[in-house]
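Thanks for coming, everyone. I'll keep this brisk. Please have a look at the sequence and the model first.

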Amino acid sequence: MINRTISKSNGESPTRKHTLLIVDDEEGPRQSLRVIFKDDYHILLAESGAQAIELAQENHIDAVISDIRMAGMSGIELLEKLKQVDSGVEVIMLTAYETIETARQALRFGACDYLNKPFDLGTVRAAVAGAIERRTLSHEMRVNNLKLLELQAQLKSQKVRDEITQSNGEIYASIIHDINGPLTIISGFIQLINQHIADASRIEGEALDMVKDRLKRMTRQVTNCIEISQRYLSFMRTRAPQNARIRVNQVLKDLEELLRAHPSAQAHELSVGSLPQDVTLEINGTDLIQILLNLSINALQATDEPHSVTVTGQVFDDASEMPKLQMGLTDVLLNQDGFQNSGPILKLSVQDTGPGIPPKLLSKIFAPYFSTKPEGKGTGLGLSIVQRLLKEARGLLHLRSIVGEGTTFDLYLPAVTVHE
């Protein structure tokens, strides 16, 4: 019996239900597995290896459960042919007649798991969940590789090379500065993984869960690096940025996760609050993360002495509800003329209890390459990048800093209320 339910696609929708192919020449085990997984996945059934190959050629399959001993094509032969159709498909082998040789063959041809019949329900569920997770991660990595290849092709363009050559070097420094954030976080995750598994002969249980979680987060940071590169390519080609709507609470959640993994956060108190009612912003998600990361990391690095950094948000129905903003010895206002002040307005605040910024330096800190950090500790580009990205998003920035008390950066951005 062949059950066709999903057409094959080269892409993968984030909401697509994952597809599980069950292959067994006996009706009983085939139907038993279908009942177990029918609520979690799209199910395809095949009673022979030949039918399974046909389904794999016509459908996007994430994981396969296959019996090893079948009439005609064996499970080992099927495994090899499935990998030829789609090298990324994850295959779990089942057998009632385990031998060391069949296990070796299954692993050699790329099986992700090898289970005995009669199978334990919890074990087979865990095996399929793990297979789907590996499939999702490998898909994300393939997508990132394709984006990297596309970027490499773009960089080979004579037009881009000419534009880079004509630049004064600031574009290079900005790219390096922005990508350094995700790379620092990736490095932190790698160190954490090494600490947990350096002396382990095998990984399982909580340690395995930790490694999987950190690999997912590292993949997300690789995606951020790619998006940053694409943003600068677009900038050099003088194309208008293509802003998508993003939900602010998800950005704040991601920000907290990234900051807690950053080395600068280890000795200080960090708090990132969410909005009681979520809103969306018309801004590139990577740009908003870069703005908040730059401000938050600067706040964490304000002093080596233990201090607190707090990130909060507030929504105003219209500009008339905003506090009156002033300029003075302790205050700076940026992008007043370009600010889109039609409501609702989102205020994002990054506040620290560090030493504060002397008044004579407040007018200089947004200039490219200006830094108060020791030699080799900063590029002086973080705040100039914040200023540029905020201007592109039609936002307003208010800075207030008092020596001995701390510094607060308030961002004001046009928002859209989310109705659940």
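**Salt bridges and a covered strand**

Let's start with E282: with a relative accessibility of 37%, this residue counts as partly exposed. Keep in mind that this is a predicted model.

What does E282 meet? Its side chain forms a salt bridge with that of R394, at 3.7 Å from N to O. This pair links distant parts of the chain. E282 sits in strand β8, residues 279–282. R394 sits in the loop between α12 (382–392) and β12 (396–402). The two are 112 residues apart.

Some salt bridges share partners. E27, R30 and E47 are joined that way into one network.

How many salt bridges does the structure hold? The count is 11. As background, side chains of opposite charge can pair when their charged atoms come close.

Next, E90 and R134. Their side chains meet in a salt bridge, 3.8 Å from N to O. E90 belongs to strand β4, residues 90–95, and R134 to helix α5, residues 121–155, so this pair ties together parts that are 44 residues apart in sequence. Is E90 buried or exposed? E90 is buried, because its relative accessible area is 12% and the cut-off is under 20%. R134 is partly exposed, at 33%.

Now K38 and D39. These side chains also meet in a salt bridge, with 3.5 Å from N to O. K38 counts as partly exposed, with 39% relative accessibility. D39 has a relative accessible area of 60%, so it falls in the exposed class, which means over 50%.

On to the strands. How many residues of β11 are buried? Seven of its eight are, so strand β11, residues 345–352, is mostly covered, where buried means under 20% relative accessible area. Its pairing is with strand β9, residues 308–316. The sense is antiparallel, and the two strands share eight bridges. Which residue of β11 is the bridge partner of V309? That is D352. One general point here: in a regular strand the side chains alternate between the two faces of the sheet.

To recap two places to look at on screen. One is the R394 and E282 pair, linking distant parts of the chain. The other is β11, mostly covered and paired with β9. Over to you for questions.

Notes: Residues are numbered from 1 along each chain as its sequence is written. This is a predicted model: local features need pLDDT of at least 70, side-chain atom pairs count only at pLDDT 80 or more; totals for chains, interfaces and linings use all residues. Side-chain values use heavy atoms; hydrogens and water are left out. Buried means under 20% relative accessible area, exposed over 50%, partly exposed in between (1.4 Å probe, protein chains only). Helices (H or I, at least four residues) and strands (E, at least two) are DSSP runs, numbered from the N terminus. Two strands pair if DSSP finds at least two bridges between them. A salt bridge is a side-chain nitrogen of Lys or Arg within 4 Å of a carboxyl oxygen of Asp or Glu.
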